[in-house]
Amino acid sequence: MTLLWAGSGLTLLAAWSLGRAAWRYRAPHWTLALATGAPLLSLAVFALLLFQQATTPALIALCAAACLLIRPARPFLPSRPHWLSALALPFLVLYLIHALTPETQPDGVTYHLGLVAEWLRLHGFSPRVGFYEMLPLGMETLFAPAFAIGRHSSTKLVHFAFLLAT
């Protein structure tokens, strides 16, 4: 259970800290920092996969190095919660419970996480070229560090965090 939280937490913290570094530590809203850092982390994981160096220790080291970029900045004071937040709370609790369960959707098991499992087994991209290998790989590369540490449920928590950010 702790690996589940560690995998998703380390991946999200790495993306957030890269986003903060991209904003030059001006402390944007956390959603902007996460949205800015996600493609940067995805690009770094893509480079590891490209050079066949995507082992679990390498992915952990990459995320830990990205977390070292965190520097103190002026605090962000959130606005008062809107009354619509109370309407969304039951949905968020239900979706969090769903995110803690293993992946059961065929699309998630075969494409989204199936490719990630194969990448981690081969320590890089597969030499075979098929239909799924030609599709864009944005979130899948972000799922790689989370999957390497906490497996399926950890990637679902990463997905859940991006849902919250939107």
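How exposed is arginine 128, in terms of relative accessible area? Arginine 128 has a relative accessible area of 45% and is partly exposed, a class that lies between buried (under 20% relative accessible area) and exposed (over 50%), computed with a 1.4 Å probe on protein chains only.

## Basis of the description

This is a predicted model, in which local features need pLDDT of at least 70 and side-chain atom pairs count only at pLDDT 80 or more, whereas totals for chains, interfaces and linings use all residues. Residues are numbered from 1 along each chain as its sequence is written, and side-chain values use heavy atoms, with hydrogens and water left out.

## The salt bridge

Side chains of opposite charge can pair when their charged atoms come close. One salt bridge is found when the whole structure is searched, the term requiring a side-chain nitrogen of Lys or Arg within 4 Å of a carboxyl oxygen of Asp or Glu. Its partners are arginine 128 and glutamate 118, with an N to O distance of 2.8 Å. Arginine 128 belongs to the loop between α5 (106-122) and α6 (138-165), while glutamate 118 sits in helix α5, 10 residues away; helices here are DSSP runs (H or I, at least four residues), numbered from the N terminus. In contrast to the partly exposed arginine 128, glutamate 118 is buried, at 10% relative accessible area.

## The aromatic cluster

Four aromatic pairs are counted, where rings of Phe, Tyr and Trp (its six-membered ring) must have centres within 6.5 Å, and planes under 30 degrees apart are stacked, those over 60 edge-to-face and the rest tilted. Phenylalanine 46 and phenylalanine 125 make a tilted pair, 5.2 Å centre to centre with 55° between the planes. Because phenylalanine 46 lies in helix α2 (residues 30-50) and phenylalanine 125 in the loop between α5 and α6, this pair ties together parts 79 residues apart in sequence. Phenylalanine 125 also pairs edge-to-face with tryptophan 119, at 5.3 Å centre to centre and 85° between the planes, and Phe46, Trp119 and Phe125 form one aromatic cluster.

Tryptophan 119 is found in helix α5 and is buried, with a relative accessible area of 3%, whereas phenylalanine 46 is partly exposed at 35%. Apart from neighbours within four places in sequence, tryptophan 119 has contacts that include Leu49, Phe125, Leu137 and Glu140, a contact meaning heavy atoms within 4.5 Å.

Methods. Helices (H or I, at least four residues) and strands (E, at least two) are DSSP runs, numbered from the N terminus.
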